[in-house]
Structures are given as C-alpha cells and as structure tokens.
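Here is a short report on one protein chain. Please keep the sequence and the 3D view open while reading.

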Amino acid sequence: MVIDESPTAEFERALEHLVPAEDDVARFVHRTLAQPTGTPKRNVVVRRRGEPVLATTLRARQDHWEIATATVAPSLPIPCRAGLLESALAAIGLDILIIDHVGDAKTDFRRQKLIPFDCYVAPLHDFDFDAYWRSTRLREDIRRAQRKTADHRIVNDDLAMVEWTIDTWEGRWTDHPNDEAGAADDLRAIWPELLRRGRLMSAALVTPDGTPVASNVNMVDGDTLVGLITARNTEIPASGGSIGTLAAIACFDAARDAGLAKVDIGGYHDQYKRRLAPAGRVAFAVEIAPRVFSASTTAGLERIARGVMRRVRALAARLFRRAAD
C-alpha cells in the first residue's frame with residue numbers, strides 16, 4: 001500500500017488500471033482531486049499480489065477522512081476492483097466516511113457500520129410537481145418568492161455564476177461544524193471543466209443588472225440530475241419566499257428540457273428537500289474503521305479461533321458420550 005500527499009506516477013498508473021478507458025470524465029476528476037489543496041489529502045493505492053486493487057483520494061473532514069469525490073462529483077464510483085472495496089479501504093488504517101455510497105452498500109460493506117438515510121427523488125416527466133408542492137405547503141412559498149423577484153431572470157450554465165455559487169457556499173459553510181467547505185478548492189478546479197463538457201447544470205436567479213441572488217448547481221449522471229450545492233444572498237430575508245427554491249426549480253425545468261428522466265437532490269437537510277421532492281431511495285453512509293491487525297494477522301487469528309472451536313466441539317462430544325455411558 002502507498003499513501004502520498006501528492007499524486008505519484010504509481011497513483012496515475014493505478015487509475016489507468018482501475019478506471020474504464022472510455023470514462024475520460026472520471027479520469028479527469030480523479031487526477032485533479034489528487035492535486036494538493038488547502039485541505040489535507042491522502043492519495044492511496046492498495047495492491048494485492050503486486051496489482052493495484054484500489055486508487056482513491058481522501059480529503060480531511062472533521063475527525064475523519066472522506067472520499068474526495070464527495071460534493072465534487074458524488075455519483076462517481078470509487079476506483080476499485082470488484083469485490084475488494086471493503087477490504088481495501090479497511091486496510092488503509094484510517095477512519096474513512098463515505099457519505100453516499102455508489103453501489104450496493106449492504107453487499108459491498110458486510111462488516112462496516114451503515115447509516116441509512118432518505119434521498120429525495122422525482123421523475124421529471126409525468127409527475128405533478130404542483131400537486132406535490134401544495135401537499136408540502138411549498139406552493140405558496142414559491143408564489144411569494146416569484147412576486148418578490150418579478151423583475152429577476154434565470155441564467156443557466158454560466159461559469160461566472162458557478163464561481164459565485166462556490167464562493168457564496170464556501171463563505172456560508174466555512175465555520176460550520178460539519179466542515180463541508182473543505183471541498184471548495186476542488187470545486188473550483190473541477191467544475192469549470194465539467195460545465196464545459198455538459199456534465200454540470202446550473203441555474204442562477206439574477207437581478208435586472210445581472211447580480212446573482214441565488215443559484216443551484218447539479219451534476220448530470222446519465223439520465224439523472226444529481227443535486228450538488230445551493231447558494232443564496234442571505235441578506236435577502238427568506239420570510240418573503242425562498243429565492244433559492246426558484247433556482248432549484250429552474251434547474252428542474254432545464255433538466256426536463258434536456259431530456260433527463262429524474263432529479264435526485266440527495267439527503268440530509270431534510271426540512272427543505274422533502275418539500276421539493278418525495279423520498280425516492282434509501283442511501284447509506286459508510287463508516288470505515290481502521291483495522292487493529294493486518295490482514296495476515298487477522299487471517300491467522302481466524303484460523304486459530306476455528307481450530308479452538310473444533311477442539312471444543314470434539315471435547316464436548318466426548319464428554320456427552322461418557323455421560324451417556
């Protein structure tokens with residue numbers, strides 16, 4: 001296993017080995033995430049029999065490490081050989097959090113702590129958003145926001161607006177206990193290219209003079225619009241209707257026009273997300289605890305334990321036969 005703060009040739013070779021050659025977006029994201037930023041990182045390669053089985057970048061967050069695709073491009077899977085994800089991550093020896101595992105968490109992580117949570121998902125076609133928003137009492141809030149911003153307009157997929165979103169989002173979350181804003185430098189490095197490639201969609205609500213007041217940024221993953229971050233001018237009181245909601249709805253409309261099938265705005269922050277879309281899937285956060293022993297030591301202990309159990313069962317059988325005699 002190799003752990004480095006900066007990307008190495010070995011890390012690059014491992015990515016080449018583990019990321020499909022045709023997925024140039026994933027290769028770009030993982031290579032860029034490996035670069036140092038203001039937040040501590042670790043680039044990890046785990047080998048088995050000399051071959052790389054995992055290559056990923058970890059970013060420091062609170063008292064643990066998170067998979068660095070979190071917030072940046074959360075729908076990308078961790079580059080790893082099939083069936084070895086749990087053992088490879090556990091072998092690293094660090095406390096690791098996967099916020100929303102891409103894949104079957106119950107199959108991939110049989111021995112780790114899984115934390116289920118609801119994600120809010122809605123089809124973009126043949127779904128009555130108005131009826132749903134009335135049921136969650138969001139419809140009137142939307143009307144108030146529309147009245148308050150009658151002279152505003154929506155700007156879609158604009159790089160300057162995406163940059164404003166990152167800056168505003170970072171400013172709001174920098175001192176928050178969840179420590180999420182450590183991803184901001186990675187957003188700045190990666191999102192402009194994703195926007196250029198059509199893998200990012202954004203909608204910003206701007207004043208008549210072009211000043212942004214609210215924005216919503218999402219990733220395009222196949223036929224799904226995946227929610228990433230939102231930002232708004234907090235000096236505008238929310239009591240007159242949430243302007244941030246208008247930006248989110250504008251992104252829904254743009255995704256529908258682009259032919260996407262559904263929107264998945266993720267979980268957490270449930271109070272406002274469940275008003276926008278119904279719960280549509282159960283996701284799992286995964287906590288990877290470091291191993292106390294190495295894999296070889298653990299295997300040896302397991303063999304010893306099995307041998308002891310065999311001897312205990314044999315002794316119990318002999319005692320039972322003597323008692324029967």
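Helix 8 is followed by glycine 198, and the phi of this glycine is positive, near 80°. Helices here are DSSP runs of H or I with at least four residues, strands are runs of E with at least two, and both are numbered from the N terminus. This is a predicted model, in which local features need pLDDT of at least 70 and side-chain atom pairs count only at pLDDT 80 or more, while totals for chains, interfaces and linings use all residues. Residues are numbered from 1 along each chain as its sequence is written, and side-chain values use heavy atoms, with hydrogens and water left out.

**Helix 8**

Helix 8 covers residues 184-196. Its 13 residues should span 18 Å at 1.5 Å a residue, and the end C-alpha atoms are 19 Å apart, which agrees. The expected span is 1.5 Å times one less than the number of residues. Helix 8 also bends by about 35° at isoleucine 190. Proline 192 follows within four residues. The bend is the angle between axes fitted to the seven residues ending at a position and the seven starting there.

Several residues of helix 8 are buried, including Leu187, Ile190, Trp191 and Leu194. Buried means under 20% relative accessible area, exposed means over 50%, and partly exposed lies in between (1.4 Å probe, protein chains only).

Aspartate 186 also lies in helix 8. At 2% relative accessibility, aspartate 186 counts as buried. Leaving aside neighbours within four places in sequence, aspartate 186 is in contact with Leu33, Thr37, Lys41, Arg59 and Val72. A contact means heavy atoms within 4.5 Å. The C-alpha atoms of aspartate 186 and threonine 69 are separated by 9.1 Å, yet the two residues are 117 residues apart along the chain.

**Helix 9**

Helix 9 has 15 residues, 243-257. From first C-alpha to last it reaches 22 Å, close to the 21 Å expected at 1.5 Å a residue. Of these 15 residues, 12 are buried, so helix 9 is largely enclosed by the rest of the structure. Among the buried residues are Ile243, Leu246, Cys251 and Phe252. Glycine 259 follows helix 9, with a positive phi near 90°.

Which residue has a positive phi of about 55° although it is not a glycine? That residue is arginine 49. Arginine 49 sits in the loop between strand 2 (41-48) and strand 3. With a relative accessible area of 80%, arginine 49 is exposed. Aspartate 179 is another residue other than glycine with a positive phi, near 60°. Its place is in the loop between helix 7 (159-173) and helix 8. Aspartate 179 counts as partly exposed, at 31% relative accessibility.

Glutamate 5 lies in the loop between strand 1 (2-4) and helix 1 (9-18). Glutamate 5 is exposed, with a relative accessible area of 53%. Not counting residues up to four places away in sequence, glutamate 5 touches Ala34, Pro36, Lys41, Arg42 and Asn43. Alanine 90 is found in helix 3 (residues 85-91). Alanine 90 counts as buried, at 5% relative accessibility.

The table lists C-alpha separations.

| Residue pair | Apart along the chain | C-alpha separation |
|---|---|---|
| Alanine 90 and alanine 289 | 199 residues | 6.5 Å |
| Glutamate 5 and threonine 57 | 52 residues | 9.2 Å |
| Aspartate 186 and threonine 69 | 117 residues | 9.1 Å |

Among contacts in the chain between residues at least 6 apart in sequence, 72% join residues at least 24 apart.

**Cavity**

The largest cavity has a volume of about 50 Å³. Its lining includes Phe11, His30, Leu33, Thr57 and Thr69. Strand 3 gives the most to this lining, with three residues. On a 1 Å grid over the protein atoms alone, a cavity is a set of points where a 1.4 Å probe fits but cannot get out, and lining residues have an atom within 4 Å of a point. Points are joined across faces, edges and corners, and a volume is the space filled by probe spheres set on the points.

**Whole chain and confidence**

The chain has 11 helices and 12 strands. Buried residues make up 46% of its 325 residues. The mean pLDDT is 91, and 88% of the residues reach 70 or more. Over residues 293-298 the pLDDT is below 50, and this stretch has two contacts in the model beyond near neighbours in sequence. The pLDDT is the predictor's confidence in each residue, from 0 to 100. Where pLDDT is low, the predicted coordinates should not be read in detail.

How values were computed:
On a 1 Å grid over the protein atoms alone, a cavity is a set of points where a 1.4 Å probe fits but cannot get out, and a pocket is an open set with protein on both sides within 12 Å along at least five of seven lines; lining residues have an atom within 4 Å of a point.
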